[in-house]
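Here are my notes on the model you passed along. Have it open while you read, and skip to whichever point you need.

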Amino acid sequence: MVPDVRKDKRYVEVHSDTRSEAAVPILSGDEVLGVLNFESRKVGYFQKTDLALLSFLASQLAIALKMVELDQRARRWQDRVAALNNLSRLGGGVAPRETVLRRVADAVRMTCGGHYAAVFQGDYEREELVLLAQSSAHPLNIATGARLKFGTGLLGKAFELGETVNVRDVRKEPMYLFKIPGVLSEVCIPIRVGDACVGILDAQAQNVGEFTDEEVMFLETVARSLAPTLQTSAAPAQ
């Protein structure tokens with residue numbers, strides 16, 4: 001609570017006639033969801049006796065914001081379940097392989113970050129990852145058929161380890177090589193058949209830390225559904 005904003009260096013002027021201000025954090029446990037802000041043209045308008053009411057209003061807003069968050073999360077899961085159902089129908093031999101992979105890339109992009117998604121297959125003879133399908137929110141000069149050596153970049157690392165690689169901020173990751181404009185986070189999911197890695201499901205987003213544990217779990221489910229589509233021509237040499 002600031003009785004006279006003209007005497008407080010922290011005040012950022014929005015309205016020239018503002019004289020006093022009260023700012024109350026909107027809290028959910030230890031998490032700060034936002035700030036409830038009040039301004040007045042009168043000096044000393046907000047008193048300590050107002051604090052209980054303002055804090056109560058902030059607590060009610062916290063509940064409302066959490067309800068919205070839960071609703072949005074439920075809607076995202078509904079979208080993902082619907083996408084999985086659609087993909088499972090396509091993967092049953094109903095559609096050509098290229099169509100299935102393209103639809104998978106589209107579904108992953110639209111349900112996880114909305115920026116870029118791709119499917120890569122491992123070519124063990126040439127020891128390279130091959131781009132089979134991709135979906136992008138913006139035009140790209142990367143064509144299907146592009147190749148990347150095993151062990152190169154985040155894609156190659158995930159393929160080599162056979163483990164999910166989730167990078168919250170690619171700007172801090174020197175192994176990030178598959179550069180898509182505007183990308184800040186990337187997750188690479190191995191597509192496995194038994195102990196063999198046959199490909200990578202890649203998703204990239206414009207926000208730092210876009211791929212939560214829930215989204216990674218969804219993507220790993222998609223990757224498992226892709227395994228039968230890739231396994232026939234991607235088996236490692238014996």
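1. Confidence first, since this is a predicted model. Helices here are DSSP runs of H or I with at least four residues, strands are runs of E with at least two, and both are numbered from the N terminus. The chain averages 86, and 89% of the residues score at least 70.

2. Some ground rules. Residues are numbered from 1 along each chain as its sequence is written, and side-chain values use heavy atoms, with hydrogens and water left out. Local features need pLDDT of at least 70 and side-chain atom pairs count only at 80 or more, whereas totals for chains, interfaces and linings use all residues.

3. Watch residues 234–238: pLDDT stays under 50 there, and the model has eight contacts (heavy atoms within 4.5 Å) for them beyond four places in sequence. Where pLDDT is low, the predicted coordinates should not be read in detail.

4. The largest nonpolar core has 24 residues. Such a core is a set of buried Ala, Val, Leu, Ile, Met, Phe, Trp, Tyr and Cys residues joined through side-chain atoms within 4.5 Å; buried means under 20% relative accessible area, exposed over 50%, partly exposed in between (1.4 Å probe, protein chains only). V104, V108, V119, I191, L201, F211 and L219 touch the most other members. Two or more residues each come from α2 (97–111), β3 (116–123), β7 (185–193), β8 (196–205) and α4 (213–231), with α4 giving the largest share, eight residues.

5. Zooming in on V108: leaving aside residues up to four places away in sequence, V108 touches A117, L201, A203, L219 and V222. Apart from this core lies another of 20 residues, including V165, I180, V183 and I200.

6. Strands β1 (residues 20–28) and β2 (residues 31–40) run antiparallel, joined by nine bridges; strands count as paired if DSSP finds at least two bridges between them. S28 has E31 as its bridge partner in β2.

7. One backbone angle to check: E127, a residue other than glycine, has a positive phi near 55°. E127 sits in the loop between β3 and β4 (128–136) and is partly exposed, at 49% relative accessibility.

8. Disulfides (cysteine sulfur atoms within 2.5 Å): a search of the whole structure finds zero. C112 is buried at 1% relative accessible area, and C197 is buried at 5%.

Note on methods
pLDDT = per-residue confidence, 0-100.
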